Each structure stands twice: as C-alpha cells, then as structure tokens.
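Student: Let's go through the labels on this model. I want to know what each one rests on.
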Amino acid sequence: MNGFHQSFLATAAWFSSCGLPGWLGLVLAGVVFYAVPLFAVVLPIAGLGQIFERKIAAAMQRRIGPSTTGIVGILRLTVNLALPWKAKAECNRLAERLVAFGPVALLDRLLTRTGVAQLAADGVKMIGKEDLVPSGVDGWLFRAAPYLAIAGAFLPFVVVPWSQHLVGADLSIGLVWVAAAGGLTAVAILLAGWGSNNKWTMLGGMRAVAQIVSYEIPVGLCMAAVAMWCGTLSLQQMVAAQYHPGVLSFLGWNLIQSPFMVILAGTFYLAAIAECQRTPFDTAEAESELVSGFNTEMSGLRWGMFAMAEYTETFLIGALFAVLFLGGYQSPVGEQWILSLPPLAETVIHVAIMTAKCLVAIWVMMWIRWTLPRFRIDQVMRLAWLKLVPLALVCLFGLALTMLLGARIEQVAYGRLLSAPSAQLPLIAWALSWLLAGGAIIALVVAAKRSGPPMPAALRRLTTAPARKA
Amino acid sequence: MDTGATAVAAAAAALPASASAAQSGPSTFDVVFPLALLLVIAAAVPAGMLIANRVLSGLAHGPDTGNRGKDQPFESGLTSTAGGAGERFGVKFYLVAMLFLVFDIEVAVLYPWLLAFAAGGWSMLVLLLAFLLVLEVGFLYLWRKGALDWDR
C-alpha cells in the first residue's frame, strides 16, 4: 500500500466531507494526485526537452543557442490584460520599467540566457497558428492521430516509480503496460501518414511504422531479460530488487550484475532511440528526402503534439533505462540512509535522483543525435533484425544460465521477491560470469569485425580517391 | 497522519464500496481508477489544447479566406501535386509487418515464462529452448532467404 494512494483517498474523503458526491470527490482527488503530477511535471519537461536539446546542439556546434527572447513581451501582455482601462503605450512603458527592476531583471536575464523564455514564446506562437486541415485528408484519421500520439507518450508514465511512495499505479504487469501503451505511438504515426493524403506522409508513415515495430522486438526482449533477472514485471519491485544495503548502494544496480546486463543496456538504449526515431535513426522523417515524413501535413498545435510526444518519449526512455539498469530512483551511495528518512524527504530526494538519471540518459541521446549522421533505412532495419534481436536473445540466455548457476533463483519465486536480495551472487560465481561472458563477448566482437560484408564496387569507386595521372 | 486515517475511515461510507476495500492492500480499484482517469485526461488535454488553438488562431487570423493552395497536399510549394498518396509502395513493409507479428508474439510468450522461470529452474530453461528452437530455425531460414535484408 503506497502512501501516495493513501493521501489520495484521504483527499477524496475530504472532498466528499465538504458535501460533494462521493464519485466527484474521487475524480477531483484523482485529478489532483494523478493528473497534476503527471501532466504538470511531464508536460513542461517535454517542452524543456526542446530547449535542452537546442542548447546542447548549440554547445556541440560552438553556438550559443536560444538566448535573446526575454520576458518583456509576456510582461507587456500581462500588464495590458491586467489594466485594461489604461492606454496600450502606458502599459508597455510600465512593463519596460518592471523589467528594469533588479530582481525581475535578474530573472529576465536568467530566463533569456537559458532559453526558457524562448519556450514560452514558441508555445504562444504554436497555439496561435492556424489549425489547418487540408481538404483531401481523411478527417477522422487525421484528427485522431495527435490524440493517440499524446496518449502513447504519456500513459506509460503511470507505472514509473519516482520514489517509494510516488507512483501512479504500481501495476503487477508494469512492463507489459509500458509496451502496450507505448505501442499507441505506432498507430498514431500510421494514422497520420495514411490519413494525410500526401505521398510524403504515406512513405514516412510506412517507414516509421516498419522501424518502430522492428525495434519493438529487441526492446521487448531486453525488458523481458531484466524482468526475469528481477523476477517481477512491476517497476516498483524491480527497483526494490536492485537495493543494496551497504554504503555503496550502486553495487546492487542491474547494470553491473553481469556483462550480459551491460550489453542488454546498450541494446535497449540503441533500440529505444530507434523506436522513438531520433537521429541517427530518423529515416522516417528524413527531411532531405521526405519533407518531414508522417507529419508533413500537420501544422500548428497538431504538429506540436507530435513534437511533444517525441520529447516525452525520450524522457520515458530515460526513466525506463534508469529503472531497468540504474537502480531506479535509488541513490548511488547511502541509499540505506535515505530510506530511513520521513516519507516526504525521502520522496523529494528520490524524485531528484530519478530526474537526474533521466536527464543524463536524455543528454547522451542528444549527444548521439548531434554527433552521428543519419543511417540509411536498410542499415537501420539490418541493425534491428540481424544484430540487436540475436544479441538480446543471447543475453537473455546468458542471464538465465547465470541465474541458474549462481543460485540467484532461490531469492525469487513466482514474480515476488522473497526478500531484498542484497548480495545477488556469490563472489566467485560473479567473477566467473564476468570472465566467461566477457571473454565470449570479446570473441564475438572480433569475429564480427572480420566477417563484414565487402563494400560494393560502385561505392568503393565513389569513396576512394581517384588515381592521379602521372 | 492520524487525521488522515480518521478522515478515510469517516468518509468510507461516502465513497463507493470498492474504494473502502483499498484499506487492505491494492485492490482492483486502486489499479483501475488511476489508469481510467489517465485515459480520460490523456484525451482531454489534447482536446483542450486544440480547442484553445482554434479559438486563439481564429482571433489572430480572422475567418478562413479559402486559399486554394493552402488546401492542397504539400508539394514543396507547387500547387498541382504529382502522384498522390494512392501510389503503390514497397511490399517490404507488409513483410516487416508479418515478421513483427511472429516475433512480437514470441516476446509476448516470454513474459509469462520469465515469471515462471524462477519456480521451474532448469526444466523451464529447457522448455524455452524447445520453444525458441522452432522459432529461431525459422529466423535463420528468413535470414538465409534474405527476407531480413531491406535491399532485396
């Protein structure tokens, strides 16, 4: 029973003690406890993700990025709306004077330099754009697509644990819910591509869905392997399974339990990036070939919802990566001490740690995006089917064998952890598994390097320098 | 926390019966209610944003003047489009969809297996091996046939 849910029930009770009917109290409390945290935290983070990305891209290209839009415009609007009886010029002058005032000026400078004010400006621009529905489109499909995109990006967050007490719904089949709700994105893209009556959207949508469904399989296999290791599908219990009581709490994290876990983490990360179609895997919206892919016909806020869904998904991948491999919300050191704190303090610290882990994962994703060029579609598909799927299967077997040989299995039964398994494996078994699996992996890598397919003759002619005439 | 507990107890009568059952561990209500609520909200938030967009853009741009070029499918600025969405496209996409069905079901079968794995031990591993062997033979066949190669 989580404390979060208890306070939700208490609030519902308070609402109904104010004279509201019981069901209305429940819905209101639900909005306060489930909707507000989710949408008030995830929505701005989806927006901030864009600014974050623009800033990182700028830093990687030795630019400054968004740095000129301040809050003067917003202040002008606010003052004009607040004092409707005054002349417009007077209101504007007032706003200018307000911005010159010390603390406000400091805030203005901060928001300008970090680009956060740019986010507000972009949002206002987007919401003021004309809501264009071209005449040839399939109205139902075209209009339904953004809804599904948003749902596919937001619904998986219900099961993501942010602390011991803060989790929307701790489903016993959490990972299945993540996969199922996340699958809506593919439907959204298919609808947008098919319904827009445009060959670019059609091709983009088809490519996108082919790519998403291909990468769904390695992602699913990786999640299955980790769930097997932890003996549960519930994300909250998965975090609990990675608890280590010593000072060095990170020793319990899945990532360092076995070399197979390291490969699984890499596979999961790559496949997840490809599943949400960020560069270098963005063949579906390759702007130099397909205009902008499945959302070519979308404008204004409809397009904005797809963008928001994309950034929410990067955030979700960060959260999932943290839960599956990096111990979830747990601190790398001194987790024992944090758990002994009162619930509120524990929640605050854990949410901060979880957010930090997510941000690191997102940052690496952006780093990859601004470093590598786009892959061709055939390379993308080959990577999914011929590399990642077999790799994930091998790692799944490796983990299963490690569990059987290392007697880890005694601690896990029927999807329930009997106790928090602290030292997961005997030291010798642990060292042996690293040695054997690590050696096997290195051997595989060497073998794979040797047997690469030869470069096509035409491509070799194009890429090698022509022989100089004597 | 004491006041909260009494409040819960006091309002147990006012709440639906399923809610008060939540006192002893997570009930169906605990699980289904947040999910149902979020489904509704996930639909309401985009709807609200789109309505706001309609209203605000109406204020900003005035009524639609019915621009013909704006209404057409996008084609890099040309008004008459060459080739619509009804064109033929690669059959490879269909092939990928078929492959996905087979292998995603494989993953779906893995989920119940991995929960039972802890109890079964070696025998469960053998079971899985037998199951995957059948599938992976097919996978290897597809590989050799070049079905997984996008260029063919």
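Tutor: Start with ring pairs: rings of Phe, Tyr and Trp pair if their centres lie within 6.5 Å. In this predicted model, such pairs link F268(A), Y269(A), F321(A) and F325(A) into a cluster. Over all chains there are 12 aromatic pairs.

Student: Why is the pair of Y269(A) and F321(A) called edge-to-face?

Tutor: Its centres are 5.3 Å apart, with 65° between the planes. A pair needs centres within 6.5 Å, and planes over 60 degrees apart count as edge-to-face. Both conditions hold, so the label is edge-to-face.

Student: What makes this a link between distant parts of the chain?

Tutor: Y269(A) sits in helix α12 (residues 259-275) of chain A, and F321(A) in helix α14 (residues 300-325) of chain A. They are 52 residues apart. Y269(A) and F321(A) are both buried.

Student: How do you know that F139(B) and W143(B) form an edge-to-face pair?

Tutor: The centre-to-centre value is 5.8 Å, and the planes stand at 75°. The limits are within 6.5 Å and over 60 degrees, so the pair qualifies.

Student: Why are F139(B) and W143(B) separated by about one helical turn?

Tutor: Because they are 4 residues apart in helix α6 (residues 122-145) of chain B. An α-helix has 3.6 residues a turn.

Student: What makes F139(B) buried, and what makes W143(B) partly exposed?

Tutor: F139(B) has a relative accessible area of 3%. Buried means under 20%, so F139(B) is buried. W143(B) has 35%. That value falls between 20% and 50%, so W143(B) is partly exposed.

Student: How do you know that helix α5 of chain B has a span close to the expected one?

Tutor: Helix α5 (residues 92-120) of chain B has 29 residues. After α5(B) comes G121(B), with a positive phi near 70°.

Student: How do you know that C222(A) is in no disulfide?

Tutor: The structure holds 0 disulfides over all chains. For C222(A), the nearest cysteine sulfur is that of C395(A), 7.5 Å away. A disulfide needs sulfurs within 2.5 Å, so C222(A) has no such partner. C222(A) is buried, at 0% relative accessibility.

Student: What makes E96(A) and R76(A) a salt bridge?

Tutor: Their closest N and O atoms are 2.7 Å apart. The cut-off is 4 Å, so the pair counts. E96(A) is in helix α4 (residues 88-100) of chain A and R76(A) in helix α3 (residues 72-82) of chain A, 20 residues apart. E96(A) is partly exposed at 39%, and R76(A) is partly exposed at 33%.

Student: Why does the salt bridge of R278(A) and E310(A) tie together parts apart in sequence?

Tutor: The N to O distance is 3.3 Å. R278(A) lies in the loop between α12 and α13 (287-290) of chain A, and E310(A) in helix α14 of chain A, so the pair ties together parts that are 32 residues apart in sequence. R278(A) and E310(A) are both buried.

Terms used:
Residues numbered from 1 in each chain as written. Chains lettered and ligands numbered in written order. Predicted model: local features only at pLDDT ≥ 70, side-chain atom pairs only at ≥ 80, totals over all residues. Heavy atoms only, no water. Phe/Tyr/Trp six-rings, centres within 6.5 Å; stacked < 30°, edge-to-face > 60°. Helix = DSSP H or I, 4+ residues; strand = E, 2+ residues; numbered from the N terminus. Buried < 20%, exposed > 50% of the residue type's maximum accessible area, 1.4 Å probe, protein only. Expected span 1.5 Å × (residues − 1). Salt bridge = Lys/Arg side-chain N within 4 Å of Asp/Glu carboxyl O.
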